[in-house]
Structure formats: structure tokens, C-alpha cells
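Subject: Structure handover

Hello,

Here is the structure I said I would pass on. Please open it and keep it in view while you read the notes below.

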Amino acid sequence: MLVIRGDGGGSATAHFFSSESSINNFNMLKTEFDSLFASAGGHKIQPFNNRVDFERILAGSRTGLFVMSSWHYTQLATRAQWKPVLIGVHNQRTTQRHVISAGPAFRGLADLNSQTIASAGTLEFTMELLSEMIPPDHQDLLGTLRILIVPKDIDALLAVGFGVAGAAVTTESGVEKLGRINPRQREQLRQLAVGPERPLLIVAAPHRPDPATLDLIEVLLDMGTHEAGRQRLSMLGLDAWMPIGPEQSEELVE
Amino acid sequence: MIARPTRFFGMDARRRSDPVRRRAAAAAVALGLLAMTLHAPRDTRIGGVALAQVDGPGKILIVSSDRSVAKYAAVQAAFEASVGVPTVEVDVAATSEAQLRRMIARTDPDLIYCIGSNAYQAAADATRSKPILFSSAINWQRFPNRKQTRVIANELPVTAQLTLFRHFFPSVRRIGVVFSPAINRQWLEDAVRAGGEVGIEVVGSRVRRAGQVGDAVRELASGVDALWLTPDPVVLGSVEEARRYFNLAESAGVPVFAYSPAFIELGPVLVVGPDMATIGRQAAWVARDWENARDVSSPVGSEVTLNLKRVQRFRMDFNHDALDAVNHLIR
């Protein structure tokens with residue numbers, strides 16, 4: 001249920017940047033989340049469309065929350081100052097895998113030489129995924145690839161079907177989703193590689209959060225219990241937040 | 001970094017991911033590419049990272065129909081960030097034909113990239129010999145064939161539109177389209193076939209004159225779950241005709257799916273159009289690999305506007321899980 005909170009300890013800001021999606025929905029996120037938070041502590045969300053600005057704000061902050069890709073968190077030079085507190089949940093899972101899907105003419109990864117690869121992630125994240133999924137003795141493929149950044153997974157997969165890209169790097173769930181919506185397009189895709197399980201989006205907080213930040217953490221946790229919150233979570237590709245477990249947290253901070 | 005085994009289809013599956021070795025390998029590749037970039041006569045970085053080395057043009061002239069128009073500016077910004085070669089820009093809205101001819105002669109570009117119909121028409125009139133790439137042009141098919149020309153189409157492929165319709169509204173099974181066969185007969189055939197892929201029956205109603213649109217909408221409305229507004233000069237000959245189309249649909253109680261955010265004020269439930277930044281990035285790759293590029297490329301990034309108020313008005317079931325694919329939400 002949505003708990004209407006009074007103005008007890010001030011408000012905090014959830015700063016958001018995802019390396020795993022390139023959809024330009026920042027205005028929508030701002031409007032939707034702020035309207036939800038208005039009656040739940042008056043907190044705010046601040047979406048970012050680039051990593052540099054996001055990290056600049058993070059480096060200069062001592063309060064609030066930072067919502068990001070788990071991969072991005074592991075890349076932060078300042079992550080020691082921020083601890084993961086929440087992890088995203090989707091379809092009752094807190095992890096996902098990425099896959100390389102190609103057109104029917106491609107029989108193996110070696111066929112990707114000089115091909116266009118569509119991806120919804122940032123260029124850096126996409127290169128990380130590719131270097132992970134392409135075996136060491138084929139890493140020279142990386143230098144031949146043309147990466148086309150598109151807004152969402154479904155765009156990347158359809159780009160293969162339209163012949164604009166030879167392959168796509170997407171989440172496994174993105175491929176499953178296409179299979180439900182357009183089985184014919186899905187059937188034409190050949191899976192060339194699967195990556196490891198990665199945690200979903202995480203929320204990082206200061207080691208000693210102030211009362212407003214603590215309240216915002218509770219508000220985020222509460223989102224999965226009511227329709228308005230779940231609707232906003234869907235905009236991030238999630239169903240809920242949950243407290244991050246010690247094992248997951250340990251893996252991220254290593 | 002979590003180290004777990006990965007599977008490589010068609011490759012030796014015994015390999016385990018070694019994060020240190022992979023990072024070193026990726027770093028070596030990146031450093032090697034960076035070295036090649038530093039010594040190469042042209043900057044081949046895409047988005048700041050050197051990837052594929054392609055012999056592209058040395059200089060590009062960007063001709064914009066109007067730099068002050070947000071969508072044209074978005075395309076241009078993405079193109080400039082991705083193409084990695086020097087560019088010179090011209091705004092046709094502030095440039096005469098003579099000035100454009102002089103600019104082309106003076107800069108002697110290897111390629112001219114035109115954003116918008118006016119830009120393309122102006123450039124095509126100004127030069128017969130320069131290769132031209134253009135995008136963001138409404139009804140681009142109306143332009144006469146020209147050698148050494150490539151285009152990024154302005155509408156998402158019908159398969160992409162129908163896939164997104166189905167993604168947002170799984171209950172929609174029958175969609176009506178008013179169309180003029182002289183212009184869109186082939187388009188409708190493609191749409192009917194693509195509809196079969198997603199389980200949507202596309203039903204067309206033909207018109208030859210604007211005056212027939214009202215009857216066509218009424219005829220379709222009783223038997224479809226939604227109307228699909230597509231670029232058709234007979235159906236959408238004027239702003240008034242567009243307004244009339246939406247009013248007719250409203251009166252008939254049928255929601256409309258539209259292809260362009262230009263119609264948002266008229267009340268479609270869903271707008272599915274091309275993403276401007278992706279068009280710019282696609283154009284960059286066409287420019288870099290001109291000889292191997294197709295004459296016509298489809299835009300592959302989508303931009304979606306969902307009007308929840310209209311969803312509620314028509315009591316439509318929509319897929320909440322699709323909200324992460326929405327760019328703009330109207331309540």
C-alpha cells in the first residue's frame with residue numbers, strides 16, 4: 001500500500017543513470033517519479049543521460065541515492081564511499097543474462113567479423129559485454145565491429161530482422177519478449193553466445209545515510225506493494241526493489 | 001566482476017571466463033585501435049571508442065532544413081558525434097540557393113548529408129555530381145531517382161510498428177487502415193503480411209479522394225479494435241483533414257495508432273515513430289561505408305508516446321510491462 005508520509009526528515013534525491021538502456025525517457029521518469037514521491041516524503045528523482053555528469057554529481061554528494069547498472073557500480077572509482085543497499089527484481093529474479101543474437105546466415109561468432117552490432121546499452125557497456133562473450137582467441141573481432149546504439153532491446157533485435165545489423169546484444173528477457181510478441185522474427189534469430197548472470201539495477205547509498213535518504217530507501221522498497229509504484233518500476237524494467245543480500249553486495253564491492 | 005563460465009555456441013565450450021585476461025585482451029585491442037587512430041589520417045572513433053576502421057569520406061557537408069527544429073538538431077548532433085570526420089554545416093532556412101552552391105564549391109565535400117526534405121531538394125538542385133545522403137524527409141519516395149544517393153527512410157518498418165502495437169496492446173487483433181491504393185497499395189500488402197507475424201489482422205479501406213475518408217473510417221470502425229493512421233497524402237491532405245480523421249474516430253469510439261508525434265495533440269492512443277538520434281547514428285555508418293551501404297535503409301530506433309488518458313477513455317487493456325519502452329507518457 002502507498003503510505004502517505006509527512007514531512008519528517010526532509011527530502012532526498014534518487015539520481016539515476018543506466019548504462020544498459022539508451023531510451024530517452026528522462027522527462028517522463030522525472031515527472032512520473034516526482035509525482036509519486038510528492039505524497040511520500042517529497043523526494044525527487046534526477047535522471048541523467050550521460051555517465052560523466054552522473055559521476056560528477058556522485059563524486060560531490062554525501063547524501064541521497066544513486067541508481068545505476070550493477071556493472072557501472074563496479075566501475076566506479078569512488079564506490080568505496082557508496083554501498084549497494086537495494087537491488088532490482090524482475091520476474092522474481094535479481095539477475096539477468098545478455099545474449100548475442102544474429103541473423104540466420106551467421107553460424108558462429110567468427111562470422112561477425114566487420115558486422116554491425118545493434119545494442120541498447122552504452123558503447124562502453126556493450127564493448128564490455130562483447131569482450132565477455134567473445135572467447136579470448138577471437139577478441140580481435142572486437143576491432144572489426146560497428147556498434148549501432150539503439151534505444152531499446154526490441155529495436156536492436158528487429159534491426160537484425162531488417163538487415164540493418166548482423167547481430168544484436170540484448171538481455172535474454174528481451175529475446176523472450178520478442179518471442180511472445182513476434183514469434184516469426186524471433187525464429188529468424190540464431191543465438192551465438194550467452195553471458196554470465198549479472199545483477200539488475202542497484203541502488204547505492206552513503207555508508208551513513210541521513211534520515212531523508214533512509215526514508216527514500218523505504219519509499220523505494222514500498223513501490224512494489226502498490227499499483228502506482230509498480231507502474232513507475234515498470235518504466236525501469238523492474239517489478240520491485242529488495243534489500244541487497246550480503247553475498248550479492250560482496251560480489252559488487254570486490 | 002562476477003566470474004562465471006559462459007557458453008560459446010559453435011566454439012570450445014570448455015573455456016571459462018577469466019575476467020583479468022578478458023580485460024587485458026580488451027584493453028590491448030582498445031590500445032591497439034587507439035594507436036591506429038592516432039596515426040591514422042582520419043579519426044575513426046565512434047562515440048569516443050575506436051572500433052571498425054573504414055575508409056570513409058574525408059569531409060562532409062551537413063545541410064539542414066532548419067537547425068532550429070529540435071528533431072533535425074537531434075539527428076545532426078548524433079551524426080556529428082558518431083561520424084568521426086570533419087563536417088561543415090549549412091542551414092537551408094538561412095541560406096539562398098546561390099549561397100549553397102558557393103558553399104559546396106568552396107568546401108568541396110566528399111559527401112553531402114541532408115536532413116529534411118528542403119535540405120535534400122536544395123542540395124540535389126545545387127549539385128549533380130556529389131554523393132548525397134538524406135534522412136528525415138517526409139514521403140521521400142516522391143523525389144526523383146538520383147545516382148549516388150542514399151536515404152534513411154522516415155517511417156519505421158511496418159513490422160516494427162505492428163510489433164510495438166502488439167507489445168503494448170496484446171488484445172488488439174484487428175486494425176483498420178484508410179489508404180489510397182495509388183500511393184500505398186504495396187504498403188498495405190506489406191502491412192497485412194507483417195500483421196500475420198504478430199497475430200494482427202490489418203484491414204484496409206480504399207479511398208481515392210479526401211471526401212471518401214469519412215465513410216471509410218465509419219465503415220472500418222465497427223469491425224476493428226483500432227485505426228492505424230499512416231502517411232497518406234489523400235487521407236492527410238491538410239491539417240483540417242487530419243483533425244477530421246481523429247474526430248471521426250472519436251465519434252466512432254475507436255482508438256487511433258499514429259506514426260508521428262506531430263499528431264499528439266489530436267489524441268492518438270499510441271504514437272510509434274523513428275528515434276531521431278538513432279537515425280543520425282545510422283546515417284554516420286552509411287556515410288563511413290558508402291560503397292557497401294544500401295540505397296534505402298529503414299530507421300531502426302523507435303520513439304513511443306503513450307496516452308494513458310486515451311487508453312482509459314477507450315478502456316483498453318495495455319501491457320504495463322511495456323512501459324520501459326515508452327519515451328513520453330501522457331496522463
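Start with the rings in chain A. A:Phe17, A:Phe48, A:Phe54, A:Phe66 and A:Trp82 are joined into a cluster by ring pairs. Please keep in mind that this is a predicted model.

Aromatic pairs

Over all chains, a search of the whole structure finds 17 aromatic pairs. One of them is formed by A:Phe17 and A:Phe54, and it is tilted, with 5.8 Å from centre to centre and 40° between the planes. This pair links distant parts of the chain: A:Phe17 belongs to strand S1 (residues 13–17) of chain A and A:Phe54 to helix H2 (residues 51–59) of chain A, 37 residues apart. Both A:Phe17 and A:Phe54 are buried.

B:Phe165 and B:Phe257 also form a tilted aromatic pair, at 4.6 Å centre to centre and with 40° between the planes. Here too, distant parts of the chain are linked: B:Phe165 is in helix H5 (residues 158–168) of chain B, B:Phe257 is in strand S12 (residues 256–258) of chain B, and 92 residues separate them. B:Phe257 counts as buried because its relative accessibility is 0%.

Charges over rings

B:Arg150 lies over the face of B:Trp290, 4.5 Å from the ring centre. B:Arg313 lies over the face of B:Phe314, at 4.6 Å from the ring centre.

Two helices of chain A

Which residues of H2(A) are buried? They are A:Arg51, A:Phe54 and A:Leu58. These residues cover an arc of only 65° around the axis, so they are on the same side of H2(A). The face turned away from that buried side carries A:Val52 and A:Arg56, which are exposed. The buried residues of H2(A) pack against S1, strand S3 (65–68), H3, S4 and helix H4 (123–133) of chain A.

Helix H10 (residues 246–253) of chain A has A:Ser249, A:Glu251 and A:Leu252 as its buried residues. Looking down the axis of H10(A), you will see them fall within an arc of 160°, so they line one face of the helix. A:Pro246 and A:Glu247, on the other side of H10(A), are exposed. What do the buried residues of H10(A) pack against? In chain A, they pack against helix H3 (70–75), strand S4 (82–89), strand S11 (198–199) and strand S12 (202–206).

Cavities and pockets

Rolling a probe the size of a water molecule over the atoms shows where empty space is left. The count comes to seven cavities of 30 Å³ or more. The second largest cavity has a volume of about 60 Å³. Its lining includes A:Ala14, A:Phe16, A:Phe33, A:Phe37 and A:Trp241. S1 and helix H1 (26–37) of chain A each supply at least two residues of that lining.

The second largest pocket holds about 820 Å³ of space. It is lined by 32 residues, and the closest to its centre are B:Gln141, B:Pro157, B:Val158, B:Trp187 and B:Asp190. Two or more residues of the lining come from each of helix H7 (183–187) of chain A and H5, helix H6 (181–198) and strand S14 (296–297) of chain B. H6(B) gives the most to the lining of this pocket, with eight residues.

Regards

Conventions: Residues are numbered from 1 along each chain as its sequence is written. Chains are lettered from A and ligands numbered from 1 in the order in which they are written. This is a predicted model: local features need pLDDT of at least 70, side-chain atom pairs count only at pLDDT 80 or more; totals for chains, interfaces and linings use all residues. Side-chain values use heavy atoms; hydrogens and water are left out. Buried means under 20% relative accessible area, exposed over 50%, partly exposed in between (1.4 Å probe, protein chains only). Helices (H or I, at least four residues) and strands (E, at least two) are DSSP runs, numbered from the N terminus. The arc is that of the directions from the helix axis to the C-beta atoms. Contact means heavy atoms within 4.5 Å. Rings of Phe, Tyr and Trp (its six-membered ring) pair if their centres lie within 6.5 Å; planes under 30 degrees apart count as stacked, over 60 as edge-to-face and the rest as tilted. A charge sits over a ring if NZ of Lys or CZ of Arg is within 6 Å of the ring centre and within 35 degrees of the ring normal. On a 1 Å grid over the protein atoms alone, a cavity is a set of points where a 1.4 Å probe fits but cannot get out, and a pocket is an open set with protein on both sides within 12 Å along at least five of seven lines; lining residues have an atom within 4 Å of a point. Grid points are joined across faces, edges and corners, and a volume is the space filled by probe spheres set on the points.
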